[in-house]
Amino acid sequence: EGLGRSGYIRNFGSQSESSSHTTFLLNGISVNDYVEVYVEGLTTIDAGDTVNITGQAKLYLEYMSTSRDIFSATTTRTTNSTNLNQITAYPLQWTETRQDSGFTHSDSTNPENIIIANAGTYMVTVNVPYVGNTAQQSVLGRIKLDGVQVNGGIFAQGYIQSAANEGDGDGSIHWSGIVVATTTNQVLTVTT
């Protein structure tokens with residue numbers, strides 16, 4: 001459900017630090033379950049090099065009561081293609097995994113639209129892992145409400161240096177932030 005592949009260390013021009021992030025909803029957790037987080041180096045060049053955690057790694061867990069309205073979904077494409085790296089921005093099409101009464105969404109009719117039923121403040125997190133074969137790819141994401149980018153709603157930290165040269169063609173983009181719906185039935189979309 002969650003994958004962070006936005007940490008890229010070029011190790012050139014004093015750039016020797018990076019970070020990876022991910023957010024996701026865990027469904028069906030029971031008492032005494034445990035959560036594991038794995039970290040793995042992915043490139044094959046200089047495989048003996050050491051990558052250390054600097055400062056402090058952080059994990060945040062929050063219990064979401066069944067009385068709270070939650071929308072959760074997955075995607076593998078935009079309304080145009082499975083290729084996320086295009087000059088024209090297209091919205092992602094969503095397949096819901098949880099849809100409570102505060103949201104309206106259809107997997108078949110306009111699946112890019114997540115309709116927020118009530119005015120209010122919403123915590124939104126987006127995690128988009130992707131794979132590519134071309135060197136130096138980066139994907140830009142935008143969070144939009146009624147077609148207008150929300151304040152600070154841009155994300156583009158994922159970067160693919162080169163699948164052929166470094167053995168890793170994976171990246172990811174992430175966004176966490178607040179979206180304020182000022183009226184009823186506003187439409188949330190995520191474009192790449």
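Q: How many helices and strands does the secondary structure of the protein come to?
A: The protein has 1 helix and 9 strands, where helices (H or I, at least four residues) and strands (E, at least two) are DSSP runs numbered from the N terminus. This is a predicted model, in which local features need pLDDT of at least 70 and side-chain atom pairs count only at pLDDT 80 or more, while totals for chains, interfaces and linings use all residues. Residues are numbered from 1 along each chain as its sequence is written, and side-chain values use heavy atoms, with hydrogens and water left out.

Q: Which pattern does the protein follow along the sequence?
A: The order is β-β-β-β-β-β-β-α-β-β.

Q: Why is T189 called buried?
A: Buried means under 20% relative accessible area, exposed over 50%, and partly exposed in between (1.4 Å probe, protein chains only). T189 has a relative accessible area of 11%, so T189 is buried. T189 belongs to strand 9 (residues 186–191).

Q: Which residues does T189 touch, not counting residues up to four places away in sequence?
A: T189 touches P91, E112, N113, R142, I143 and K144; contact means heavy atoms within 4.5 Å.

Q: Why is V39 called exposed?
A: The relative accessible area of V39 is 75%, therefore V39 counts as exposed. V39 lies in the segment before strand 1 (71–74).

Q: What percentage of the residues of the protein count as buried?
A: Of the 192 residues, 30% count as buried.

Q: What percentage of contacts between residues at least 6 apart in sequence join residues at least 24 apart?
A: In the protein, 60% of those contacts do.
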